[in-house]
Amino acid sequence: MANAAAKILLKTGPRITVSLPHQDHIALSALAERCDVSLSWLTRQAIAEFLANHSQNDLQLPLNLDKKASHQ
């Protein structure tokens, strides 16, 4: 069974799970539907674009350590 899992991983790549604010999910889903692509495809494209735009820069991401603010 480990070989089957390894073959799937090679074919599809590693998986990640993210939680989005409800409004972001709605907006992304609507965009995916308008463009006739899957939400997964759209997400992969967004990540690829982000990496292309920021991989050469010393990107300083804001860290919001206030748990109350991060759940808004």
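What percentage of the 72 residues of the chain counts as buried? The share that counts as buried is 4%, where buried means under 20% relative accessible area, exposed over 50% and partly exposed in between (1.4 Å probe, protein chains only). This is a predicted model, in which local features need pLDDT of at least 70, side-chain atom pairs count only at pLDDT 80 or more, and totals for chains, interfaces and linings use all residues. Residues are numbered from 1 along each chain as its sequence is written, and side-chain values use heavy atoms, with hydrogens and water left out.

**Confidence**
- The chain has an average pLDDT of 81, and 72% of its residues score at least 70; pLDDT is the predictor's confidence in each residue, from 0 to 100.
- Among the elements of the chain, the highest mean pLDDT, 96, belongs to helix 2, and the lowest, 55, to helix 4 (residues 67–70).

**Secondary structure**
- Four helices and zero strands are present in the chain, and the order of elements from the N terminus is α-α-α-α.
- Helices (H or I, at least four residues) and strands (E, at least two) are DSSP runs, numbered from the N terminus.
- Helix 2 (residues 22–34) contains 13 residues and spans 18 Å from its first C-alpha to its last, close to the 18 Å expected at 1.5 Å a residue; the expected span is 1.5 Å times one less than the number of residues.

**The loop between helix 2 and helix 3**
- Asp36 is located in this loop and has a positive phi of about 55 degrees although it is not a glycine.
- With a relative accessible area of 71%, Asp36 is exposed.
- Val37 also belongs to the loop between helix 2 and helix 3, but its relative accessibility of 27% makes Val37 partly exposed.
- Apart from neighbours within four places in sequence, Val37 contacts Ala32 and Leu42, contact meaning heavy atoms within 4.5 Å.

**Surface**
- Ile16, Val18, Leu20, Ile47, Phe50, Leu51 and Leu61 form a nonpolar surface patch of about 670 Å².
- Patches are made of residues with over 30% relative accessible area and no salt bridge, like charges being joined within 9 Å and nonpolar side chains (Val, Leu, Ile, Met, Phe, Trp, Tyr) within 5 Å.
- A salt bridge is a side-chain nitrogen of Lys or Arg within 4 Å of a carboxyl oxygen of Asp or Glu.
- Ile47, one of the patch residues, lies in helix 3 (residues 39–54) and is partly exposed at a relative accessible area of 38%.

Note on methods: Areas by Shrake-Rupley, 256 points an atom, 1.4 Å probe, with all protein chains shown as cover.
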